[in-house]
Every structure is written in C-alpha cells, then in structure tokens.
Amino acid sequence: MGFEIPASLINHLRECHSAAALSGAGTSAESGIPTFREAQAGLWARYDPQELATPQAFQQDPRLVWEWYSWRRDLVRKAAPNQGHHALAQMAMHIPEFSLITQNVDGLHQQAGSPQVIELHGNILRTRCALEGTLIEQWMSAEDIPPRCPNCGGLLRPDVVWFGESLPVDALERAYHAADRCEVFFSIGTSTLVEPAASLPFIALQQGAVVVEINPQSTPLSGSANYVLPGLFSVVLPILVQAVWGG
Ligand code: OAD
C-alpha cells in the first residue's frame, strides 16, 4: 500500500535543522515484541503488564516479576530492528539536530544505529541491584530467582522504570529540552497515555513545532497534531525518508 506524504510536510523536513521523535511500543510491534497494551502471549496471558511492572509486584512476588522479565528479555534478544528503525537511524543523518526519545526498553533503536537514544524507561537488557541501584553485569547463576547482588546480597531487578517510579532525571531533562527546541516533533507508535512521556508532543506543539503522529490508531494527540499518518511504523518511515531525502 503506497503512502502519500503531504508535500508541505516534505518541505518542512527538507528545511528542518532540529527535530525530535518519541517512540513507543508500536515501533517494536513489527519486530515481534507485543505492545504494552496488547494481550500477552502464552502463559503470561493471564497477567496484566500494568500489574507486573510495579515495585509492589516485585515486593510481593519477586520471582514472578523476574521470570516475566526473563520471558520478555528472551523476546527482545530474538527481535531485530525493522525497516522503520533503520529509516529513523537514516533520518538522524539528514537532520543536524535529531533527538530520538524512546519509552521502549528493548534497545532496538540502538541496534539499528540511531545515535544517543534517550531511554526514558530504562533498558530491559540491563540489570541492577534493587538495594544499591548499581548496574550488575554478572552474578552467580545459583538457584536463587531473582539472583542476588554479588556485592550486598540484595535482590537483582531489571534496570527499567516501573509504574509509580521516577524516570531517570538526565534522560527526562534531555527529552524536555528536545521537545522545547525542535522544529518538527514525531510521535510514533505510542498510545500517548503514560506521563510524563505523553506530554512531550504537547510541549512541542506549544512552542510552535510541527507535530507528526504515526500510528494506525488514533490517540489523545491525534486531534492536535499537525499531521496524522495512519500507517504502520515499518511502512511509513521508509516512505517518508525516501520522499524527503531520496532514501
Ligand atoms: P502501548 O501498548 O500503550 O501503545 C502502543 C501504540 O502503538 C498503540 O497506540 C498502537 O496503535 C500503536 N501501534 C501498534 N502497532 C504499530 C505499528 N506497527 N506502527 C505504529 N504504531 C503501532 O505502548 P506505549 O504507548 O509505548 O512504560 O506505552 C507507554 C508506556 O506504557 C510503556 O513504555 C510502559 C507502559 O507503562 C513503562 O513500563 C514505564
């Protein structure tokens, strides 16, 4: 299915010096990683991610939460960037100032070659001590589930942001800065439901940026965005990069 990119958007992008993109789980869907709000597969179907990705769940049943993340880590390890990730990495080469802000924890943008990815919600492939907060690369693979911190014996946990936890300050500041100064802001594959990420496109709108939403469904942003491209990430992004910069 061909996709028409409006000529006015093409012109904006050809003259653009500073752009930002916020990505959500929809950008990883075509790489085989279920989105946050899709029903989960297999034995995890009966669990609601919003109940597992919380400090309370980890407190109550650390083993269950660790095993859920182990399942998701395996999905991530098997996943590869899709054509949309590669197109986004190309876009960064054409726009002098380009900030890629992601809510995803799967590292697929980095794998596709996007530079300086701003990870608002951490990264599932990193593990940290739940007590000290330090990143831990290796631990005794004893029968302990979750494994224990080799330094202090505390429980290990994925280095991701759980519901109710604060986001990494540096990442959030860089994201606000990018939304505040960009000329074009893309919101791609996100339901625009979870704060503070969901405010970023509106901050961009307020300072006069051209806001482009790419999502097959409508979201709370759709009514305010300057452009809504109702297609799939892996289809729309390559067509857009080709239309603006000749691929
Ligand atoms: P959601 O699962 O809430 O939304 C995924 C969005 O992607 C939906 O709007 C879909 O319509 C869209 N989508 C699905 N397939 C797509 C495709 N092929 N191309 C483009 N769009 C597609 O995921 P997020 O919005 O990322 O945070 O959720 C935000 C946060 O909610 C997550 O980062 C997570 C959760 O709380 C934490 O874990 C802290």
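**Domain layout**

I looked up the spacing of the two domains: the centres of domain 1 and domain 2, taken over C-alpha atoms, are 28 Å apart. The model is predicted; local features need pLDDT of at least 70, side-chain atom pairs count only at pLDDT 80 or more, and totals for chains, interfaces and linings use all residues. Residues are numbered from 1 along each chain as its sequence is written, and side-chain values use heavy atoms, with hydrogens and water left out.

I noted the bounds, which come from an automatic or database domain assignment. Domain 1 covers 1–32 + 81–121 + 167–247, and domain 2 covers 34–78 + 124–160.

**Interface between the domains**

I looked up contacts (heavy atoms within 4.5 Å) and found 11 residues of domain 1 touching 12 residues of domain 2. The two domains bury about 790 Å² between them, with 56% of it on carbon and sulfur atoms. Buried area here is the accessible area (1.4 Å probe) that two parts lose on being put together, summed over both. Of the area that domain 1 buries against domain 2, Gly32, Val105 and Asp106 supply 43%, more than any other three residues.

I then checked for salt bridges (a side-chain nitrogen of Lys or Arg within 4 Å of a carboxyl oxygen of Asp or Glu). The rule finds 1 across this interface. I also recorded a salt bridge between the side chains of Glu119 and Arg126, at 3.2 Å, N to O. On the side of domain 1 that touches domain 2, I get 5 nonpolar residues (Ala, Val, Leu, Ile, Met, Phe, Trp, Tyr, Cys and Pro), 4 polar (the others, Gly among them) and 2 charged (Asp, Glu, Lys and Arg).

**Ligand shell**

Of the 21 around it, Ala25, Glu30, Arg37, Thr190 and Ser191 come nearest. The shell divides into 9 nonpolar, 10 polar and 2 charged residues. Each of domain 1 and domain 2 gives at least three residues to this shell.

I looked up distances to oxygen atoms of the ligand. A polar side-chain atom of Ser191 lies at 2.6 Å, an N or O atom in the side chain of His121 at 2.9 Å, and a polar backbone atom of Gln103 at 3.2 Å. Taken alone the ligand exposes 790 Å², and the protein buries 90% of that; accessible areas come from the Shrake-Rupley method with a 1.4 Å probe, and for residues only the protein chains shown count as cover.

Notes: A residue is near a molecule or strand if one of its heavy atoms lies within 4 Å of it. A polar contact is a pair of N or O atoms within 3.5 Å; within protein, one must be able to donate a hydrogen and the other to accept it, and residues adjacent in sequence count only if both atoms are side-chain atoms.
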